Amino acid sequence: MARAETGSPLERWLRENVVVLEVDQDETGHTTVQTTRLTPEGGLGEHWPTDFMDEAAEEDSSIYYASLAKNAATEAAGFVPVHDEGPEPELESDP
Amino acid sequence: MTLGLIDPQLLELRPEQVIADELAQILLLCRQHSIVVPSSLPYWNELWSTMGARLEQTLGRGGQAYRAVQELRKPGTPVTGIPPAPEQRVRVWGFAGPARGALFDGAWPNLLAEAAVRAALTRQRVVLLCRHVQGRNLDVHQHANITLDEIVRWSLYVQPPVVGPVTIDCCTRPRNLAVPWTIRMDWRLPDTGRYPYCPMQNWRRGATRVFKTARSRPAWLDVQGNEWARPNISAGSGYHWHVYVNTNHHSRLGLEQINVVAFGGAASEGVPGSIHHMDPAKKAHFTDRGWTCP
């Protein structure tokens with residue numbers, strides 16, 4: 001969803017046709033169903049089901065932060081800019 | 001392609017709902033404007049191994065904020081062809097210093113300046129994905145029921161050799177790129193309808209006065225000399241601006257103050273830039289002539 005272009009037929013189709021259902025049962029045996037749709041950003045709109053894809057997300061985080069720690073040691077900060085406190089520079093045109 | 005740099009303040013600890021709301025706007029901005037956030041710049045590792053890691057640990061698993069932080073980390077795809085930092089000294093503006101609106105402190109000014117300079121050397125447009133924090137890049141002026149959020153740092157500048165001065169706009173939401181003056185003025189000012197807000201020609205320059213406080217009432221100035229004051233919103237209603245019109249418009253419209261629909265409200269509030277509501281007693285004096293931006 002997050003990779004579909006804004007307003008594209010794929011995004012529209014996913015938003016209109018995909019619904020995530022969370023089915024939960026309490027101690028008395030009472031079952032509830034909650035629904036939620038996808039958001040344009042690729043998340044879930046109204047409700048994120050408990051534990052839904054948590055393990056995968058956490059694993060992804062641990063791997064990512066471990067790789068950062070590995071790379072950090074190889075970096076050196078050598079760039080020292082001149083911080084100008086005067087008025088902004090003259091520009092030929094706006095961005 | 002536009003390159004985005006992440007403001008470390010986006011990863012500062014704060015209430016989860018605030019994180020979720022602010023990052024949702026940033027993610028939408030990246031998506032709608034095809035902003036690529038390079039992960040191959042040195043500030044990235046520092047950012048995520050310190051602030052990102054700490055923030056993720058404090059957030060409820062599965063919550064919107066947690067997802068949003070993970071999503072923000074994802075666009076960090078390696079962008080090839082980013083030149084190394086130049087060996088010459090490079091002048092930069094807005095990153096550090098005692099000046100009002102300097103954005104960063106600690107090790108961040110140099111790390112972010114390096115990232116900005118290297119990104120600017122690609123000759124792609126560069127923006128800072130940022131957050132407004134009172135006392136840092138935001139001053140709040142309040143009087144009775146009127147509040148004006150003054151953004152005191154809306155652009156950074158770097159001047160790499162050969163390339164020359166480059167502007168890096170500080171963006172918090174998609175509208176900042178669609179309507180550039182909203183990086184400095186209130187994003188809820190309308191740019192459409194019969195009564196649009198028309199910014200000063202040199203609104204980017206710090207020396208250009210864009211708001212004033214008259215009779216204790218803080219209000220945005222437009223290029224025509226009209227004053228735009230925003231009443232505080234209570235219970236989600238009243239998304240409009242009090243516009244105190246200039247003498248010329250006063251005689252054209254028949255009123256010295258009109259209520260104009262703000263941008264960003266519900267559709268039921270009306271078209272942004274149209275008349276929101278009018279006191280019945282004033283209606284007889286009013287002529288709906290509108291105005292256009294020069």
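## Starting at an arginine

With a relative accessibility of 41%, B:Arg194 counts as partly exposed; that label sits between buried (under 20% relative accessible area) and exposed (over 50%), using a 1.4 Å probe and protein chains only. The side chain of B:Arg194 meets that of B:Asp288 in a salt bridge, 3.3 Å from N to O. B:Arg194 is in the loop between helix 5 and strand 10 of chain B, while B:Asp288 is in the segment after helix 7 (280–283) of chain B, so the pair ties together parts 94 residues apart in sequence. B:Asp288 is partly exposed too, at 41%.

## Before going on

This is a predicted model, where local features need pLDDT of at least 70 and side-chain atom pairs count only at pLDDT 80 or more, though totals for chains, interfaces and linings use all residues. Residues are numbered from 1 along each chain as its sequence is written, chains are lettered from A and ligands numbered from 1 in the order in which they are written, and side-chain values use heavy atoms, without hydrogens or water.

Helices (H or I, at least four residues) and strands (E, at least two) are DSSP runs numbered from the N terminus. A salt bridge puts a side-chain nitrogen of Lys or Arg within 4 Å of a carboxyl oxygen of Asp or Glu.

## Two domains in chain B

Chain B splits into domain 1 (2–183) and domain 2 (188–294), with bounds from an automatic or database domain assignment. Their centres, taken over C-alpha atoms, are 30 Å apart. Domain 1 of chain B brings 20 residues to the contact and domain 2 of chain B brings 23, where contact means heavy atoms within 4.5 Å.

How much area is buried between domain 1 and domain 2 of chain B? About 1,700 Å², with carbon and sulfur atoms giving 62% of that; this is the accessible area (1.4 Å probe) the two parts lose on being put together, summed over both. Three salt bridges are counted between these domains. On the domain 1 side, strands 6 (138–143), 7 (146–151), 8 (155–159) and 9 (166–171) of chain B each supply at least two of the touching residues. Strand 7 of chain B gives the largest share, five residues.

Over all chains, the structure holds 18 salt bridges. One of them joins the side chains of B:Arg188 and B:Asp149 at 3.9 Å, N to O. B:Arg188 is in the loop between helix 5 (175–178) and strand 10 (211–214) of chain B, and B:Asp149 is in strand 7 of chain B, 39 residues away. Is B:Arg188 buried or exposed? It is buried, at 18%, whereas B:Asp149 is partly exposed at 27%.

B:Asp169 and B:Arg204 form another salt bridge, at 2.9 Å, N to O. B:Asp169 is in strand 9 of chain B and B:Arg204 in the loop between helix 5 and strand 10 of chain B, so this pair ties together parts 35 residues apart in sequence. B:Asp169 is buried at 1%, and B:Arg204 is buried at 10%. Elsewhere, A:Glu88, A:Glu90 and B:Arg205 are linked in a network of salt bridges.

## A buried cysteine

Strand 9 of chain B also holds B:Cys170, which is buried at 2% relative accessibility.
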